[in-house]
Amino acid sequence: MKNIVVSLSGGMDSSTLLLNCINKVGAERVTALSFDYGQKHNVELERAKQLVAYLKEAGQNITYQVIRLDGLTNLLESTLVSGGSEVPEGHYAEENMKQTVVPNRNKIFASLIQAVALSVVKRTGEETAIAMGIHAGDHAIYPDCRQEFRDADDHAFREGNWDADKVVYYTPYLYGDKFDILKDGEVLCEKLGIEFDEVYKRTNTSYKPLQVEGVWYSDYKSSSSVERLEAFIKLGRKDPVSYADETGPVDYEVARAHAEKVIAEYQSNAA
């Protein structure tokens, strides 16, 4: 593949994927797209912009654009969308996490990314990849992250477009988890000559971010935050993002201890 179009949410997974793609084909051949669909945690879009700016300062010339889909906000039923009910807390593999599914989200994103990738093919005449940061940790809760969905979606794309045979897929983390992704991020930062903490403090995984005196903090109780914290604990590194709860900002050790408790309780119940 000569070019890559990346779905960049601003989260830890897709940000690592962006580094992976830059390392693979060079930043000048990477197009990153973010989507504003009215998500409560839209601070992730700010983090994506900050990360792209940091990478450009480091000499990585990435094409980046935010695509606005916020006209859908009032029509989508999900706890993640503005106006939806409270985002559930707990372990990310629990049944109530299905409330965080946004209807047909990955299909909507995939259609737009496919259109852009196919346009790159038409403009350059070169094979172009679609990169997505889906991973095994998402498979139980999010059916649109499973390979069966990807295969069916790809079939429809190829049936409906000329030259679609020049578009391929790049999903390097499909059978890994957040720890595998973060571990790869550590290696990629070294390869690209950039600072690990500078990259990951410019990401947001929290589904319930809190704003304190104009500054955004990650929560540490939502399932997405617990999953992120587990990855940092396994890697043996402190998470560079700042955490808070209803009392205000908290030390990283508070967030870490809560995550360890939730993980232990889940494992005990599952045993």
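In this predicted model, R68 sits out in the open, counting as exposed at 60% relative accessibility. Its side chain meets that of D70 in a salt bridge, with 2.5 Å from N to O. D70 is partly exposed, at a relative accessible area of 30%. The structure holds 16 salt bridges.

Another of these joins E227 and K178, whose closest N and O atoms are 3.9 Å apart. This pair ties together distant parts of the chain, since E227 belongs to helix α7 and K178 to helix α5, 49 residues apart. Both ends are tucked away: E227 is buried, with a relative accessible area of 9%, and K178 is buried too, at 7%. As for the helices themselves, α5 (residues 178-192) and α7 (residues 223-235) pack at an angle of about 55°, their axes 8 Å apart, so they are oblique to each other. Their crossing is right-handed.

A further salt bridge brings the side chains of E198 and R202 together at 2.7 Å, N to O. Salt bridges with shared partners also link D13, K178 and E227 into one network.

The R105 side chain does make a polar contact with the side chain of Y37, at 2.7 Å.

Notes
Residues are numbered from 1 along each chain as its sequence is written. This is a predicted model: local features need pLDDT of at least 70, side-chain atom pairs count only at pLDDT 80 or more; totals for chains, interfaces and linings use all residues. Side-chain values use heavy atoms; hydrogens and water are left out. A polar contact is a pair of N or O atoms within 3.5 Å; within protein, one must be able to donate a hydrogen and the other to accept it, and residues adjacent in sequence count only if both atoms are side-chain atoms. Axes are lines fitted to C-alpha atoms, for helices over the stretch in contact, and angles run from 0 to 180 degrees between N-to-C directions. Helices (H or I, at least four residues) and strands (E, at least two) are DSSP runs, numbered from the N terminus. Angles under 35 degrees count as roughly parallel, over 145 as roughly antiparallel, 65 to 115 as roughly perpendicular and the rest as oblique. A crossing is left-handed if the near helix is turned anticlockwise from the far one by less than a right angle, and right-handed if clockwise. A salt bridge is a side-chain nitrogen of Lys or Arg within 4 Å of a carboxyl oxygen of Asp or Glu. Buried means under 20% relative accessible area, exposed over 50%, partly exposed in between (1.4 Å probe, protein chains only).
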